[in-house]
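Visitor: Hey, I've got a structure to look at and I'm new to this. Can you walk me through it?

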Amino acid sequence: MSSKKVSESLGPNTRLAHAGNDPHSFHGFVNPPVVHASTVLFRDAASMASRNQKYTYGTHGTPTTDALAEAIDELEGSAGTVAVPSGLAAVTLAFLSCLSAGDHALVVDSVYGPTRRFCDTLLKRFGIETTYYDPTIGADIAALMRPNTKLVHTEAPGSNTFEMQDIPAIVKAAKAAGAVVTIDNTWSTPLYFRPLDHGVDISIHAATKYPAGHSDVLIGTVSANEALWPKLEETNMVLGLCAAPDDAYQTLRGLRTMGVRLERHQNSALEIARWLEGKDGVARVLHPALESFPGHAIWKRDFSGSSGIFSIVLDVQDKAEWTRKSHAFLDTLQIFGLGYSWGGYESLAVPVFLGDRVVATAPKEGPVIRLQIGLEDVADIKADIERGLAAAAKA
Ligand SMILES: *Cc1c(COP(=O)(O)O)cnc(C)c1O
């Protein structure tokens, strides 16, 4: 299926509306069909022997997963994309594509927690060593490179504490040492940061978040440049990972409205983050688009927007009171649900655990609470947070 490439010069919402779409391949229907498939039939024994047809088996792609992969390729500027059953599977697939026994990986210390668990358990068992580095390291990462360092994994901003990373400086050092650079680009989506334009080799998304956008789909995507695409495609085939057809379809559907949703997430989150700065009971707001945030200059230089998730550090002097105060805050919230994941239409709050960090240690002023700002009305969200802060103050 060869869909028309949507021009790179068009605006993001125009591209989201048309990327990966090829209605005339499907009798003019605007959306592609949801193809449920294991078996694909061949016309004759000769075509079976040569496998000389576009589709050969369900795990190797269908018109539905192709439409999603093409849309992501257009947005990321990548040579190829695979869709897998979760964001975590997208991370582990990318790592397994690049690493072999005896290799060394550099992974940012503010990484998504389950990525760390994968490195510390399975990669370790397979003889791959991981070093966690300071997210603010920049060009100094050169000093951590070893002859067997094959992968530098970045995540900007970092999970839960939102440290920014100087991606171009890290790419330069990694390239000089012959290592591949991967990024978990979930926070930005390809609308607000295009990693491959900055020299990153592989961009990973928990498409569960903003692309799917409704807290009902688990899916991940991995997109590679020309050099890495054959290895990624092969590894995916070997592992047998493939996203389910209905999930791929829902994600493609989500992409069509992602631009307008993100714009609202961005505006609401930024308004609330600014309002929270300097508020009684709040020691700090961790949001890269705030001028006060340590990594703000990097964010401003390389990113074109910010999404709807950030953290606050409650102002609680006595560590013995952290749990009581943070639970009082969380238990008083009515609009915010207490639950993991984010990128859906509804606001969510979670207490952040940072005990596994080795370099990028936790803020000292108080407990950290992560807020996903949903599509609800800002006044209602603010009132909810106000109630939470009042309860924490009294607790
Ligand atoms: C949620 C998340 C993932 C994992 O996505 P799942 O689909 O929940 O497995 C990976 N990376 C980041 C940064 C995330 O926030």
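Guide: One term to begin with: helices (H or I, at least four residues) and strands (E, at least two) are DSSP runs, numbered from the N terminus. This is a predicted model, where local features need pLDDT of at least 70, side-chain atom pairs count only at pLDDT 80 or more, and totals for chains, interfaces and linings use all residues. Residues are numbered from 1 along each chain as its sequence is written.

Visitor: What does Arg261 touch?

Guide: Tyr210, Gly213 and Leu375, leaving out residues up to four places away in sequence. Contact means C-beta atoms, placed from the backbone, within 7 Å.

Visitor: New topic: which feature does UniProt place at Lys209?

Guide: The unreviewed UniProt entry gives "modified residue: N6-(pyridoxal phosphate)lysine" at Lys209. UniProt positions are in the numbering used here, feature names are shortened, and annotations may be inferred rather than shown by experiment.

Visitor: OK, where is the place of Lys209?

Guide: Lys209 is in the loop between strand S6 (202–205) and strand S7 (220–224).

Visitor: Why does Lys209 count as buried?

Guide: Because Lys209 has 26 C-beta neighbours inside 10 Å. Lys209 touches Thr186, Trp342 and Gly343, again not counting residues up to four places away in sequence.

Conventions: Two residues are in contact if their C-beta atoms, placed from the backbone, lie within 7 Å. A residue is buried if 20 or more other C-beta atoms lie within 10 Å of its own, exposed if 12 or fewer, and partly exposed in between; C-beta atoms are placed from the backbone.
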